[in-house]
Amino acid sequence: MTSNERRAQRSLTRRTLGWGVAFLAALALLWIGIVVLLDPDAITGMIVWLYELVGLRGQAFAIAERGIQEGFIRLVTVVFAILVGVGGVWFLFITGNALIEASPSRARRHLRPWLFILPAAAFLGVYLVFPLVETIRLSVTEDGGFGDNYSFVLTDPAMQIAMRNNALWLVIGTTGSVVIGLLFAALVDRVKREAFAKTFVFLPLAISAVGAAVIWRFVYTWRPPGAGQIGMLNAVWTAAGGEPVAFLQAVPWNNLFLILIMIWIQTGFAMVVLSAALKGVPTELVEAGRIDGATEIQLFFRVVLPTIRGALITVATTIFIAILKVFDIVFVMTGGRFETEVIANRMFNEMFRFRNFGRASALAVVLLIAVIPIMIVNIRNLRRQGIGT
Amino acid sequence: MSKRWLIATIAALSLVVAACANPEEGGGDGDTTTTVEAPEEETTTTGGGDTTTTADGEDAVGETPYEHLNAALNGDFAGTSVTVNAQWIDAEEENILSVLTPFEEATGIDITYEGLTDYETVLTVRVEGGDAPDIAQIAQPGKMQQFAAEGQLVAIGDWINMDQIRTDYIESFVDLGSYEGDLYGLFFKGDLKSIVWYPVQAFEAAGYEVPATWDDLVAVSDQILADTGTNPWCISIEHGDASGWVATDWMEDILLRTAPPEIYDQWVTHEIPFNDPEVLEAADYMSQIWFGDDYVYGGSTAINATFVGDTQTPMFSESGPECWFHKQAAWIPGFWPEGTEAGVDSSFFYFPPIEEEFGNPVLGGGDQWMMFDDRPEVRALIEYLATPEGAKPWIERGGFVSPNSSVPLDWYATYPNDELAAILTEADTFRFDASDAMPTEVGGGSFWQAMIDWVAADGEGTEDLFQTVEDSWPAG
C-alpha cells in the first residue's frame, strides 16, 4: 500500500464517519421536531424563546403570563412543521446519500436502493403491517378470545345472514357491473357521440357511495297509501294505479335494490376501462376474423373477449374488492335492518357501537382472508401482462 | 428549475396548512364548533333577550356548597380553559351555551363547547384516540359505565360534596351515575317519556275524554276508529342507526305498569331472563295497540319506514287529524310541521296506568356529565352544573326538566314543562330507560333489532324474538 493510497483510505474513513454523524444528527433533529409538534405548549414556549432572542422581553413576558392567540400558535406550528418536515427529510436524504457515496463502491450498489425504499417501507410498516398484526392479535385475545370470536362470526344467525348477503352482493354486484359495463362499452364503441354517451354512465362514479345512497333513499321512499308519494319509484307506481311498495322492507328483494345502487356506481368504471381495452384490440385481428367469415357475435366472443381478458380480470377483481368492503350504502339505506346486514356494517357496529373489539377484529380478519384469493388472481394477471415480475 | 421548487413549496405549504388549520373541525361533517369568549364588558347581557342572565351570574357568586366552584367564583381559575362536548347542536346548542356563558362571565374560565352529530360514535373515537374533551355529556348510562370500567373517567365522588349531591338528587340518579360505588356521572337533564300527545281541539270537539286507565285508552281508540274511520295511533321507529328505540320505550313504560319496579330492575340487570313471562305479558299489552286492526296510521310498514321526527305529522293534516295519539317525550313539538304550537294544536296526557297496584309510574331518561380530565377548573364547572343555578338559564328558555330536586318548580315558566314537572312530582315510581342501562349490544342493539323484526313480522313470533335478545346478552 502506497502512502497515497493510505491517505485516501484515511480520508474516506473520516468522510464516512463525518457523514454518519450528520445522518444521525438529522434523525435526532427530525425526532425532536416531531416531539415538539406533538406538544402545543412547546410551540408557545418556542415563541416566547424567540421573542426573548430578538430582544422583545415585554412581549415574551406578556405571552408567558396570558397565553397567546390560537391562530398565531397555529401559524407558527405550520411554519415549524414545514421547516421540520420538508427541511428535515431533505437533510436526512442528503446526508444519507452522501454517506452511501462515501462508502466503498461494492457496498454502494447494495445500499442505495434501501435509502430510497426505506421511507416507503417505514410508512407501510407503521400504517399497514402493524395494524394488520394488531387486528389479528385482537381477534384472538379480546372478548371471549379466539374460539368465541370466530364461532360468533361463523355461526351467529345474524352473521349468517350477513355472509349470505355479502355473497349475494359479490355475485350479483360484480357480474352486473362488469356485464352491463362491457355491454355498454361494446355498444357505444360504434356510436358517433361516444364521449357524450359515456358521460352519463360514468357520472355516478363521481358521486360518493354515501351521496349515492342518499339519492337512492329518495328513489325508494315509501309513504302510506293515500299520502303523497315523495319517492320516485312509488310516485310512478301509484300513478300507474299500484299500491305503494316499501322497497327497503321487502325481504329478500331489498338486498337486490341495494345492490342495484352499487351496480349504478360501478358500471361507469367497468365501462371506461373496458372501452379503452376494446379500442386496443388490433383491427387486423378483427378484419382477419371477418374475412374468415365469423359473425359479429362470434367475433365478439371468440376474438375480442379473449383479447381484452386481462382488462376484464382487472375490472372484475377491482369491483369485487370494492363490493366485498361494502358498508356505506347499507349503513345509509337500511343500517342492516330487514335482513340486509353485511359483514362490514356488522364490523362497524361491533367496533364502534358495541365496543366488542375482538368480534370486530375477527370480522376484519375474515374479510382479509376473503380478499386474498382475489389478490392472487390479480397479481397473476398483472404478471401475465408483463407488469411487475 | 426555480419554478418547480416554488410549486413544490406551495404544495407542501398548503398540505400542512390544511392539516393544521383547525383540529376541532376534523370530527366529521355537521359538527359545529363554538368558542364562547368571555366578554370583556361585565355589563353585557347574553343573547336570547334574557335580561336576567347577568343577575344569575351574580346570584351564583355567593357561597355555594362546593369548594372548587367557590374558588372559581373568587376568580382563582381565571384564564384557564375547559373543553365541553355534547350532542346538543343548533337550537339545543344555544340552550347549553346559555348555561355555560354565565359561568364563564362569573369565573373568567374560557369554555370551548363543541356539539357533535353522530355523537356517541365520535366521542368514542376521540376517547379511544386520547383526544377526549374535559367534560362530555352522555345519554346512555351503559356507555358511562363502559368508559368508567375502561378507566377513562375521573371519579366525581372522590372530591365533590356528596352530602349536597344526595340532598339535591334522588337516590336513583346517584345510583345510575355510579360505577362500583363511586360517582362518575352527574345527571343534568331529565326527560319524561310517559306522555301521549293528542289533537286537543278536535279531541274535545268530538266529545272524547282524556283516558285515565289503559282500558279507557283502548276504548277511546276504538271509538275514534268507529266514529271517524281514521287510525287512532301514530307510531314509528325509523331513526337511522338508532331505529327501534321508540318501541323499547313503549315496552318499558308498559312493564312499569304491569309488574313491580323490582322486576323492572332485575330485568335491566339481567337477574331475570330478558324474556321473562312478565316481559312477554307487557309485549302482549303493547301489541294490542301496535298491531290492533287499523290502529296505526300506515300499519306496520309505516312503523318501520317513517322517521321518528315525522311520526306525528298526519295529526296536523288540514282535513282533520289522520291519527289521534302519539306517545313521545316532550321534545317532539320541535319536529312538528311549521305553524303548529304545543298546547294549542296538540297537548299531552299522562300515559295511563294499567294495573292499579303499581300506581302512576314514570319512565324517563337523562343526560349526565362525565369528566375526563381532573383539573380544578374542570371540577368547578362540574360543581356549577350540579347547582340549580347551573340549569336555570336553560329551564327559563324551556325544553328542560332538571333532575335536581332543589330546583324551585316556579322556575318552569313555559309550557309544557310545568305540566311535566307536575307529572313528575305526582309519580309513584320513577325509572330510567331500561335499554339505556342495559349493555349496549342489547339496549342499543339486539333489543332494537328484535323490535324492528317484531314490527316487520306484524307482531308474530314474539317469544322467538325475545329469546334472540336473551341469547345475545353478553356473558359475565
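Visitor: What should I know before reading any residue number or value?

Guide: This is a predicted model, in which local features need pLDDT of at least 70 and side-chain atom pairs count only at pLDDT 80 or more, while totals for chains, interfaces and linings use all residues. Residues are numbered from 1 along each chain as its sequence is written, and chains are lettered from A and ligands numbered from 1 in the order in which they are written.

Visitor: How many helices and strands does the secondary structure of chain A come to?

Guide: Helices (H or I, at least four residues) and strands (E, at least two) are DSSP runs, numbered from the N terminus. Chain A has 17 helices and zero strands. Its radius of gyration, taken over C-alpha atoms, is 30 Å, well over the 21 Å that the globule rule (2.2 Å times the number of residues to the power 0.38) gives for 389 residues, so chain A is more spread out than a compact globule. Along the principal axes, the C-alpha atoms of chain A fill a box of roughly 95 × 70 × 50 Å.

Visitor: What share of the residues of chain A count as buried?

Guide: A residue is buried if 20 or more other C-beta atoms lie within 10 Å of its own, exposed if 12 or fewer, and partly exposed in between, with C-beta atoms placed from the backbone. By that rule, 26% of the 389 residues of chain A are buried.

Visitor: What is the strand order in the open sheet of chain B?

Guide: Strands of a sheet pair through backbone hydrogen bonds, either parallel or antiparallel. Two strands count as paired if DSSP finds at least two bridges between them. The sheet has three strands in the order β9-β8-β10 (chain B), with antiparallel pairing. Its edge strands are β9 (326-327) and β10 (347-350) of chain B, each pairing on one side only. Four bridges join β8(B), residues 195-198, to β10(B), where B:Trp197 stands opposite B:Phe348 and B:Tyr198 has B:Ser347 as its bridge partner. Two bridges join β8(B) to β9(B), and there B:Val196 stands opposite B:Lys327.

Visitor: Which backbone features deserve attention in the loops?

Guide: One is a cis peptide bond, from A:Val251 to A:Pro252, with omega near -5 degrees. A:Pro252 lies in the loop between α10 (232-239) and α11 (253-279) of chain A. Another is a positive phi in a residue other than glycine: A:Arg355 has phi near 60 degrees. A:Arg355 lies in the loop between α16 and α17 (357-384) of chain A, and is buried, with 20 other C-beta atoms within 10 Å. In chain B, B:Asp118 has a positive phi of about 50 degrees, and with 17 C-beta neighbours inside 10 Å it counts as partly exposed.

Visitor: Which residues touch the most other members of the largest nonpolar core?

Guide: A nonpolar core is a set of buried Ala, Val, Leu, Ile, Met, Phe, Trp, Tyr and Cys residues joined through C-beta atoms within 7 Å. In the largest, of 178 residues, they are A:Leu274, B:Met370 and B:Ile382. Helix α11(A) gives the most to this core, with twelve residues. Apart from it lies another core, of five residues, among them A:Trp19, A:Phe23, A:Ala26 and A:Leu99.
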